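Visitor: Here is a structure to read. Where do we begin?

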Amino acid sequence: MSALHDLLVRRIALTGPISVAAFMADALGHPQHGYYITRDPLGAKGDFTTAPEISQMFGEMVGVWLADCWINQGCPDTVQLVELGPGRGTLMADALRATARVPGFHAAIRLHLVETSPALRERQAAALSAFDPTWHDSLTDVPDGPMLLVANEFFDALPIRQFIRTPAGWAERKVGLNGQGQLAFTFDPTPGGALLTPLHRDPGIPPGAVAETCPTGIAIAGEIGRRLASHAGAALIIDYGYDGPAIGDTLQALRAHKPVSVLDGPGTADLTAHVDFTALALAAKQTGAVPYASVEQGALLTALGIDARATSLSARANPAQQVAIQAALTRLTSPASMGRLFRAIAITHPAAPVPAGFGGST
Ligand code: SAH
């Protein structure tokens with residue numbers, strides 16, 4: 001059990017069950033006991049690994065994409081370069097190194113890191129101090145203006161609400177207490193279906209089905225869209241997810257790279273939910289920006305030139321490094337690995353050309 005477990009048990013005993021979103025928000029972000037607040041969870045010794053931690057090629061390709069957007073929108077003199085949830089700062093450090101020779105790009109950049117974890121802010125400061133970053137708790141605090149934004153495995157960490165289909169309609173799933181006073185899933189029988197999409201209102205959906213929505217993610221996508229509607233720029237959002245709406249319980253917990261029960265030891269395991277890219281795209285579109293249909297991570301990285309980059313890195317590497325480069329390339333791009341499970345959407349200013357690696361706008 002955990003300190004946060006005891007605190008949540010006491011709170012629920014006093015005031016009743018809490019939403020899955022409230023549980024997730026505390027498990028990940030509680031000011032004293034939140035998972036991200038108290039540790040650096042990344043890497044082999046942590047709980048999970050992300051694409052930028054697998055290979056420098058990932059951040060380099062993102063850098064290529066960002067610089068290309070900057071050039072094809074007329075090289076604005078000043079651009080807010082924003083990363084949401086930068087982890088150890090690895091992606092951004094690789095992206096900036098890869099773009100060091102793009103004329104004028106670094107001079108135009110103002111680097112903004114949106115990060116709530118003090119532990120990870122320290123890691124980011126160590127990786128990115130040469131670029132004089134400014135940290136923010138929220139995207140709304142970043143100054144307005146032309147913007148290039150990237151978010152990798154950020155939206156999957158935002159709190160979701162879950163709804164369960166009951167014979168009487170949709171009910172919100174909650175976290176309450178069982179007979180032994182332990183955390184347990186329950187539901188609020190007051191109808192909650194109005195919050196869901198038309199698909200979820202389909203009377204054919206069987207009892208027991210679970211539907212999800214991520215209000216915080218939708219609000220942030222709306223804020224990205226609002227900024228890109230009135231200024232030049234582009235956003236690249238990469239995560240594991242799907243083109244919704246869909247039915248299914250995607251909430252999962254990982255500790256030491258292994259799945260554990262979601263309610264087990266809140267604050268001591270990573271919690272994530274799959275991202276509904278359609279919902280994010282719609283939120284951005286409603287505020288006047290242009291979202292592009294999601295593409296697979298493998299296809300995007302290939303379109304950006306990751307194969308050529310692997311070849312040129314290998315030419316300067318020893319045999320053991322060459323094996324590692326090839327393994328990382330396969331892991332990032334192969335459909336059997338991260339290449340298909342992970343997807344990306346782009347959002348741009350309405351007058352911007354189609355960004356590299358994307359096809360039709362939605
Ligand atoms: N992008 C990095 C890290 C992914 S982990 C990578 O690919 O390696 C998720 C990141 O989002 C962490 O940096 C975490 O501290 C941050 N984060 C999670 N919830 C957040 C929130 N609500 N606001 C800001 N940052 C958050």
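Guide: Begin with cavities. On a 1 Å grid over the protein atoms alone, a cavity is a set of points where a 1.4 Å probe fits but cannot get out. Points join across faces, edges and corners, and volume is the space filled by probe spheres set on the points. This model is predicted: local features need pLDDT of at least 70, side-chain atom pairs 80 or more, while totals for chains, interfaces and linings use all residues. Residues are numbered from 1 along each chain as its sequence is written, and side-chain values use heavy atoms, without hydrogens and water.

Visitor: How many cavities of 30 Å³ or more does the structure hold?

Guide: One. About 40 Å³ of space lies in the largest cavity.

Visitor: Which residues line the largest cavity?

Guide: Lining residues have an atom within 4 Å of a grid point. Among them are C69, W70, P146 and M147.

Visitor: How does that lining divide into nonpolar, polar and charged?

Guide: Ala, Val, Leu, Ile, Met, Phe, Trp, Tyr, Cys and Pro count as nonpolar, Asp, Glu, Lys and Arg as charged, and the others, Gly among them, as polar. The lining has eight nonpolar, two polar and no charged residues.

Definitions and conventions:
1 Å grid on protein atoms, 1.4 Å probe; cavity = no way out; pocket = protein on both sides within 12 Å on 5 of 7 lines; lining within 4 Å.
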